[in-house]
Amino acid sequence: MQSDVQCFVERFTVICNKSLSHVQLACCSSHCAVPWLDKNVRVYTTNNLKHPLELTGHYGEVSAMVFGTMKDRLILCSASEDYVILWDLDQCYRQVREGAIASGRVVGTLLGRVGHLSLCPQTTKIAACSGSKVFVLNVEREEVLAVLKAHLGPVTASEFCPWDLNLLISVSKDRTFKVWDVMKSEMLFQSAVLSASPLLSLFFMEQNRQLIAGSGDGQLWCYTLPVDHKCRLATKLDLQKLEQKHQKNLRNINAVPNGTYGITQNDVRGTVETVKPVLRIWAQRPMCGHASIQQRGSYVWIGSSDGLYMLDLDTSELLITLPFKGDLSISMAGSWAISHGHGDNMFCMVTSLFEPSVVLLEVNSAGLDELCFSLVEEQLSVVPSSPLMPASPLNAEQTKQGPKPQGKTGVSCQKNVKDQALVFHTQVKSSGYSTAPHRTMFKPQTNVKKKSNTSTKTKTKKKSLLSEYPSQSLAPSICTTHLAVSTTPTTVNSLQYSGDGKQILCGLGDSSVLLYESSLTKDPAVYTGHSKSVNCVSWSHSKQWFLSSSEDTALCIWTESVAEPVLTMGCDQFAKSIRSAQFYYLDKFLLLASGSNILLYLYHLDTTRDDIKRYKQRSKSKLTGTFCMTTGTNITSVSAINDFYSYIVLAAGADRTIQVFDMNHGHVATQIPDAHSRPVHHLAQNKGSLFCSQTPESYNLFLSSAITDGLKMWDLRTARCVRRYESHVNRCHQCTAAFSPCGRFIATGSEDQSLLTGTLNGKLALFHPTDSLLLP
């Protein structure tokens, strides 16, 4: 970690006659304004700190100031108990050069103590918060356009909606926010009481059409603002908990030698015990020039009492913390004013909480680049970029067995001849004692194929839904087929399409495996070989085999034409139940997870059977590698790509970590500590499809699911969460998720049955891929 990185550059410090800790300051890219001697206002330029412009006209103490956002006109608005004055700074500078006194225009009189000012984006209206009321003033003349009063406590902040100038949002010490129609002077929406502390700050995310409110106890609420003005909660964050998690991750990084998880903080401090009030919220594109930091509209800066924080709302993670330390003149902040600076830099006007001083800080983008450079020290990729190493576990091959030596013939060998069975054939049909019992009496066998009566032998091809995947169509939403998989209530634990999309495997809680055609119109083929619930099913890349694993610590490999498993790996090989199983490395290996180990098996499948020795299988398997979680925790889910050669295997543990195994080197390449607040129960990778191509970088995305903690999308190259989804209900059941073959959509299960891909009530649903679906 780089503790010598200096991100804050102190431009100047102004010593006032008294504390201004709760006064709203004003700052823009070229100027900053500070109250001077209570009743005056001094305007400084950020380039030249000498000879400030002094504005006089108030008779009371100046309590709030704000700059306009218009680029071609520099406007400053200041307020006290007597007046609200609008200053045209270009005109004021001209008046001073001519020897006159700078003057402004009074737009409001005797409104009381104004605690907060805001200008609409077009600088046509002013919102002045005084007590529990919001006065909407006309900029051109002294006129009160509206008086908004419905709060039960003092209004702390208000802002105009940037995409709808007729809307105004206000937050108050009564711990609620309200949406107002300025023209009609009526309230459109009122939130519930959000916190035990008053709401202090407000900000609009124009790109996402969201509003963010911050409270005095460090809580943030992000709401969507739809057309009907019915605000819906999108994200709730706790700044103190986010910093504690951030520090814990940094400590875990130092404890893992091979870890490449990103470092985004310049020092690791102790456990935070103080409350971090959200004093200012401001958004700007990330100032880091490194390619790993994408320029998204979800990054926000939070000004608190002890420093500056950058959050990613899409992932609900803390990216950078800039605490007050070193040679800065300020240690605790009372109020913030943040604005764009020169280039990618940022200006912060901060008042001291305990001292009568105001400090102008410039956030150095070069220092942030140095911090963000450590995000990716060694990038991983699902698509391999180097050949296999000579000692790689993936180079393992099965030993070829030579032909058995022929037995000797002659008179001397007649003594070794044993008695033969008195039958007319070399093979005898089995009596059926070794076969599995019938599930239902007098039920015909569904696996037997009927022979065609026609003389010409033609192979019937199974029809899939579509010949080519519709990569440009919308996601499915209409249920075309809905059926029950069993007459008795049973769970659907696992589902998987075959690679060509013509068949669907289904693992049930009643220990059976069903094989459906993709249309779900015919009766399924039933495969019974387990004694307990089937927890995983998986197709091979060749679509010739499929496997199933169960809670009975057994794994079976099947072929469609045979009702009995071709290979059975029993409980004597595994100490604990198999949590995940699949084919790996283009069907060369079997990849299993049992206990805290990932097991790599070579296998050979032989479908021939001896009717006399039906109990003896000719298929073989051989353990070639065992890989253990570094923390020794039990594995809850494993994922790897089998559609092409890939060295990467993802494993989730019961200790909430996600570890990335590099099978080429045979060790853990990186790990993500505390990936969720609960153990991850499912991992899903973007595996693509044979019928739809994607960019190589898109295969580095994967999903993780955890109960009560929603769904997260991760980028393997940086081992960072890039997006978080919380719209579905997942409180107690292990809902899974999947990427669409085109990589454009994510489907996830939900306990409110909003998407029925495989539910606990034993039902399946098939959605046609040409209809629309609203996904998170």
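**A tour of the predicted model**

Where pLDDT is low, the predicted coordinates should not be read in detail. This is a predicted model, so local features need pLDDT of at least 70 and side-chain atom pairs count only at 80 or more, while totals for chains, interfaces and linings use all residues. Residues are numbered from 1 along each chain as its sequence is written, and side-chain values use heavy atoms, leaving out hydrogens and water. Over the protein chain, mean pLDDT is 81.

Next, pick strand β24 (residues 307–312) and β25: they run antiparallel, joined by six bridges. Strands here are DSSP runs (E, at least two residues) numbered from the N terminus, and two strands pair if DSSP finds at least two bridges between them. Tyr309 stands opposite Thr321 in β25. Four residues lie between the strands of this hairpin, and Ser316 takes a positive phi near 60°. Is β25 mostly covered or exposed? Mostly covered: seven of its seven residues, 317–323, are buried (under 20% relative accessible area, with exposed over 50% and partly exposed in between; 1.4 Å probe, protein chains only).

Now step to Phe324, whose contacts beyond four places in sequence include Phe8, Ile330, Trp336 and Leu361.

Finally, show Arg42 and Trp36: the charged end of Arg42 sits over the Trp36 ring, 3.9 Å from its centre (the criterion is NZ of Lys or CZ of Arg within 6 Å of the ring centre and within 35 degrees of the ring normal).

Terms used. pLDDT is the predictor's confidence in each residue, from 0 to 100. Contact means heavy atoms within 4.5 Å.
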